[in-house]
Amino acid sequence: MSRTVRRQRVPIALLVPAGLGLTFLVLPLAGLLLRAPWTTLPRRLTEPGVLTALRLSLETATVATLLCVVLGVPLAWLLARVEFPGRRLVRALVTVPLVLPPVVGGVALLLVFGRRGLIGSWLDETFGVTLPFTTAGVVLAEAFVAMPFLVIAVEGALRGADPRYEEAAATLGAGRFTTFTRVTLPLVAPGVAAGAVLCWARALGEFGATITFAGNYPGRTQTMPLAVYLALETDLQAAIVLSLILLTVSVVILAALRDRWVGST
Amino acid sequence: MTALLDAHLVAERDGFTLDVRLRIAAGEVVALLGPNGAGKTTALRVLAGLHPLAAGHLTLDGADLDRPDRRVWTPPERRPVGVVFQDYLLFPHLSALDNVAFGPRRRGADKRAARARAKEWLDRVGLGDQARRRPRQLSGGQAQRVALARALAVDPALLLLDEPLAALDARTRLDTRAELQRHLGAHPGATLLVTHDPLDALVLADRLVIVEHGRVVQEGDAATVTARPRTDYVARLVGLNLHRGRADGHAVTVGELTLTTADTVHGEAFVAYPPAAVALHPSRPEGSPRNVWAATVTGVQRHGDNLRVQLTGPVEVAADVTPAAAAHLGLIPGRPVWAAVKAAETRAYPA
Amino acid sequence: MTVRWIRAALAAALVGALGLTGCGGADEPAGPDVAGPVTVFAAASLTESFTRLGKEYEAAHPGSSVTFNFGGSSGLATQITQGAPADVFAAASPATMKTVTDAGDATGEPAVLVRNQLVVAVPRGNPARVGGLADLARPGVKVALCAEQVPCGAAARTAVDAAGVRLTPATLEQDVKGALAKLRLGEVDAALVYRTDVRAAPGLDAVEFPESARAVNDYPIVVLRAAGNPAGARAFVDFVRSDAGLAVLTAAGFQAPPGG
């Protein structure tokens, strides 16, 4: 037997399905690129409605992600670190928005936050606040659909993190909250970042819950996916252009963020 | 000397019960020594507040920290206790300085004061120039010293160390042990060192408490414990043969064998002697040795410059012989030999 | 209530699968002339009437089977021009039908099947007291329209402009069902939809308004070039255009075509 180090060989049994998987994911993108109306692209890009929808998409997805982080990280901590009766049930409930068709999620949101909804009617009567058909409603719909991605990623990171660091912090005088902010959170920061990226991407692509809960109105609730869907009704090429814009912007942003993280750690 | 720590630790863990009484004076270093699974780490966790006390009490510096019968319990972050964990658990996202400053900061010092204090401690453990490094940039020995500085920086009344040298290689361990001895000597509070390494215990501790199966089986200073082991585990640790029997003056009966000893004891007694005191002969020796019996070789291992021979017979015994003697005797497992021990080399004491 | 609407909203996602099943049956043993499967792509507003007519057609033509794919007409048109296998296309507007005929995917001239008229849909009892288009511009009245990219939205825009009403809707829904769902959940006070949609939706009333005459919508129907069962397709078109077929359609709120 030779003891020399050989160039690592990738087993064919892994390489073939990996290649097929990649092709399957990338081919539809290639389809979009091939059918894109490149000659009219610059003109379509500068149409005011496009930029309005793009900006609204980026803004709402970002705010929704922040909302998910603020609420989802503590929820993930609760699931990962605190023993309480019914924890398994709660964990299953957290994933409900993943399995629920987004349109149904939108209806459910209306039943709670709508003008006649359980909380929505109270909000309307007490503060005169209505969420449907508002930009805040878009954020809410996106957060509802995207939050499980964050919670699952962060809970996984927390379970992977050694809880003895938290014990060490306790012996040094840190209470549970301080331990969470000073030790736990920095330890799982990569997990939180990964979860936030997933969450943001999901929020950016959100369609069903948004159109159901927040409706569709340019500049207020019409995000890129809604614009794409409506463009499909009349103009396939316009829909392709809008999709490519959304795709390009999100890929650029994600790549830039990733470089920053890789650079900082 | 009044005890700074006075504890009766009763705790349950996975169907295993720990029941240990501990008293440690200010400035005293006690080693909790025992085999794996004896409950040493559980005892340490109970003292730190990381594991609940089922019964008993825990009083430190005059304050009841834990007293289940009175429903008194102090969370870990409010105990004047510092812990050096087995693999140190330095926070990977903080510099050495911020690791050490973490405790003072949490206990009320402002950022600047906490850092000044941390710097002082890093200097004291000789790592002042490594303050800005992250834990993964430190060597094992350096990480151990940072962990020690971190635990001491909060001025704990009780310092707990869990196998502080186990993660180090043999060479680093030697240096670090000497260094650790110096710092433990300077610590004004009580110190409990959990270890399964008798050398750590003998070098670092003023007093040894030996636990087996969750109970204290023996305690005392190093000289007493090494001279008069009371369990097979302790005897093995200190390298002695140990038998328990009935004494009547100079004669101790162990099973079928009666050993003559220099000491005078009556009633239940232990007899101890070093493996080097056991002489082996191919046939029954004539003359002086009073304690002679037939035995069978069960194993031979290298032991320093000599060979350690395991024997079975009326008693299980280890004997140290020179390689030359071993060759002469043809010591292979199964070989019958005669074992002889001089009475003057045995020690007998009441059980 | 919502379940049916959700089903309609999800129909677009299911289109591929439905199209495939329709196509797979093309080689089944043929009975009399018009037997065999017919795949019909039809505007969502035809869902109730066509489902019923499909059953009647199957009963009248043993050995035949009708598979429907209901959805927004524009989406259906896109699917047809992208090669979705269908025998018959019934659109909710001439404009969407034109994309199919322009692409050369239709056989012959589309016939006008029925006409549909816009109404203001309100919850039963009309709590917001909407009497006409002008009331929709009142402050505090929330209105759902269809997006202009879909026929009901284009018609609504025509009617609103004809009435000279300055209207800011709360939402521009992707189809009629979306607008009606918002109305039924109480999120809006009124929605501009077709009369047939209100007729099919329990708990809603229709408020007619004169300007709707300017936005009457023709429903063209045609047999497609790619039809796997052209004879069956023609038979189905004839059946829905027959007096019996029109009776079902007018009962649903459609108007018979002029001169029909």
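**Figure 1. Ser73(C) in helix H3 of chain C.** In this predicted model, Ser73(C) belongs to helix H3 of chain C, which covers residues 73-81. Ser73(C) counts as buried because 31 C-beta neighbours lie inside 10 Å, where 20 or more are required. When residues up to four places away in sequence are not counted, Ser73(C) touches Ala43(C), Ala91(C), Ala92(C), Ser93(C), Thr96(C) and Pro151(C).

**Figure 2. Tyr194(C) in strand E8 of chain C.** Strand E8 of chain C comprises residues 190-194 and includes Tyr194(C). Tyr194(C) has 30 C-beta neighbours inside 10 Å and therefore counts as buried. With neighbours within four places in sequence left aside, the contacts of Tyr194(C) are Ser45(C), Asn116(C), Gln117(C), Leu118(C), Cys152(C) and Val176(C).

**Figure 3. Positions in chain C that carry the UniProt feature "binding site".** The unreviewed UniProt entry assigns this feature to Ser45(C), Ser73(C), Val176(C) and Tyr194(C). These positions are spread over 150 residues of sequence, yet they cluster in space, with a largest C-alpha distance of 14.2 Å. Two of the annotated residues, Ser45(C) and Val176(C), are among the contacts of Tyr194(C). The annotated Ser73(C) lies in helix H3, and the annotated Tyr194(C) lies in strand E8.

**Figure 4. The contact between chain B and chain A.** On the chain B side, 17 residues are in contact with 14 residues of chain A. Strand E7 (81-84) and helix H2 (96-106) of chain B each contribute at least two residues to the side that touches chain A. By residue class, this side of chain B consists of 10 nonpolar, three polar and four charged residues.

**Figure 5. The fold of chain A.** Chain A contains 14 helices and zero strands. Its pattern along the sequence is accordingly written α-α-α-α-α-α-α-α-α-α-α-α-α-α. The C-alpha trace of chain A spans about 70 × 60 × 30 Å along its principal axes.

**Figure 6. Burial and sequence separation of contacts in chain A.** Chain A has 265 residues, of which 40% count as buried. Considering contacts in chain A between residues at least 6 apart in sequence, 74% join residues that are at least 24 apart.

Note on methods. Residues are numbered from 1 along each chain as its sequence is written. Chains are lettered from A and ligands numbered from 1 in the order in which they are written. This is a predicted model: local features need pLDDT of at least 70, side-chain atom pairs count only at pLDDT 80 or more; totals for chains, interfaces and linings use all residues. Two residues are in contact if their C-beta atoms, placed from the backbone, lie within 7 Å. Helices (H or I, at least four residues) and strands (E, at least two) are DSSP runs, numbered from the N terminus. Ala, Val, Leu, Ile, Met, Phe, Trp, Tyr, Cys and Pro count as nonpolar, Asp, Glu, Lys and Arg as charged, and the others, Gly among them, as polar. A residue is buried if 20 or more other C-beta atoms lie within 10 Å of its own, exposed if 12 or fewer, and partly exposed in between; C-beta atoms are placed from the backbone. UniProt positions are given in the numbering used here, feature names are shortened, and annotations may be inferred rather than shown by experiment.
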